[in-house]
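Please look through the model below before reading the report.

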Amino acid sequence: MDLKLRGKRALVTGSSRGIGRAIALSLADFKVDVAINYLRNRTRAEETAHEIEARGVRALVLKGNVAKPDHVARIFEALKNEWGGLEIVVSNAASGVLRPARELTLHHFDWAMHINAAALLPITQQFLELPSESKKSLVAVSSLGAIRAIPNYTAVGASKAALESMVRHLAAEFAPEGLRINAVSAGTVDTEALTHFPNREELLEGARARTPAGRLVDPQDVANVVVFMCTDFAAMIHGQIVVVDGGYSILA
Ligand SMILES: NC(=O)c1ccc[n+]([C@@H]2O[C@H](COP(=O)([O-])OP(=O)(O)OC[C@H]3O[C@@H](n4cnc5c(N)ncnc54)[C@H](OP(=O)(O)O)[C@@H]3O)[C@@H](O)[C@H]2O)c1
């Protein structure tokens, strides 16, 4: 399959592991150069970078906290210096405290908001400044918690709702400048992020049992749709939230 992505350059935030890693490797499968961003675990980021290079494209490893505008600026500066420009950004990095709302503080709330929602603003602004050889695509990774109530997910869910609203506002503002912005919203995916849920097993079993498609969403399912959203085949999709959940959210 030729998705006509060959030679494009991408940044995937939070791509040392989990869904971000699957997205990074999938882009590399379609001959896209990929910059791996991570926060703490350099070894995992380097392993992903090696796998990208093994696919015959360039990889860059860029440490930085997406919640800090100066870190974001540094990441884009490095991309400009190393590659000269960028056509694709996948804003995937996320974090958050998972606990009952009674135990949440505003510090927890701000933490999730900064990393999961606010970060999209400097990322978009920096992306706009970078040269590119074709129209640009930005895909944010969201979750069903933006529109549904999930136990222990109050802060992260609210941040994802804010993220989805930002996607629509930014998409409308920057479409005339050739930047297409969308989100892909995933159902439950069994990554390391789930180990932080006090009710992980229950969550996984519940999702598996309730999903019409009969299985959990896996990282590759999300990556496939993100990659599609980065192609010119999705040229007229702007400001949308594409749900990848095996039908979970269509049930009453
Ligand atoms: N798993 C699910 O069930 C699920 C469902 C729907 C949507 N999602 C969304 O999918 C995305 C990826 O989730 P995941 O489950 O793959 O997460 P994960 O396994 O916890 O991986 C998180 C990644 O983000 C990086 N990261 C964390 N905080 C960061 C920060 N402040 N700045 C830069 N990088 C940071 C981590 O780097 P280090 O390794 O260095 O810490 C890691 O690479 C998130 O947006 C999440 O909300 C997940």
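The report below takes the basis of the model, then the sheet, then its strands, then the ligand.

## Basis

This is a predicted model, in which local features need pLDDT of at least 70, side-chain atom pairs count only at pLDDT 80 or more, and totals for chains, interfaces and linings use all residues. Residues are numbered from 1 along each chain as its sequence is written.

Helices (H or I, at least four residues) and strands (E, at least two) are DSSP runs, numbered from the N terminus. Two strands count as paired if DSSP finds at least two bridges between them.

Seven strands make up an open sheet with parallel pairing, in the order 3-2-1-4-5-6-7. Strand 3 (59-63) and strand 7 (241-244) are at the edges with a single partner strand each, so one side of each has no neighbour in the sheet. From one strand to the next, the twist averages 20 degrees. Axes are lines fitted to C-alpha atoms, for helices over the stretch in contact, and angles run from 0 to 180 degrees between N-to-C directions.

Helix 6 (residues 154-174) packs on the sheet and touches strand 5, strand 6 (179-186) and strand 7. The direction of helix 6 makes about 160 degrees with that of strand 6. Contact between two residues means that their C-beta atoms, placed from the backbone, lie within 7 Å.

Strand 1 (residues 9-12) pairs in the parallel sense with strand 4 (residues 88-91) over three bridges, and Leu11 has Val89 as its bridge partner in strand 4. Strand 1 is also joined to strand 2 by four bridges, again parallel. Here Ala10 stands opposite Val34 and Val12 opposite Ile36. Arg9 and Leu11 point one way from strand 1, Ala10 and Val12 the other way, and all are buried. A residue is buried if 20 or more other C-beta atoms lie within 10 Å of its own, exposed if 12 or fewer, and partly exposed in between, with C-beta atoms placed from the backbone.

Six of the six residues of strand 2 are buried, so strand 2 is largely enclosed by the rest of the structure. Asp33, Ala35 and Asn37 lie on one side, and Val34, Ile36 and Tyr38 on the other. Five bridges join strand 2 to strand 3 in parallel, with Asn37 partnered by Leu62. The chain crosses from strand 2 through helix 2 (residues 42-53) to strand 3 in a right-handed β-α-β crossover. Strand 1, helix 1 and strand 2 also make a right-handed β-α-β unit. Right-handed means that, with the strands pointing away from the viewer, the path from the first strand over the helix to the second runs clockwise.

## Ligand shell

Around the ligand are 31 residues, of which Gly14, Gly18, Ala94, Ser143 and Ala193 come nearest. A residue is near a molecule if its C-beta atom, placed from the backbone, lies within 6 Å of it. Helix 1 (18-29), strand 2 (33-38) and strand 5 (136-143) each supply at least two residues of this shell; the largest share, three residues, comes from helix 1.

By class, the shell has 13 nonpolar, 14 polar and four charged residues. Ala, Val, Leu, Ile, Met, Phe, Trp, Tyr, Cys and Pro count as nonpolar, Asp, Glu, Lys and Arg as charged, and the others, Gly among them, as polar.
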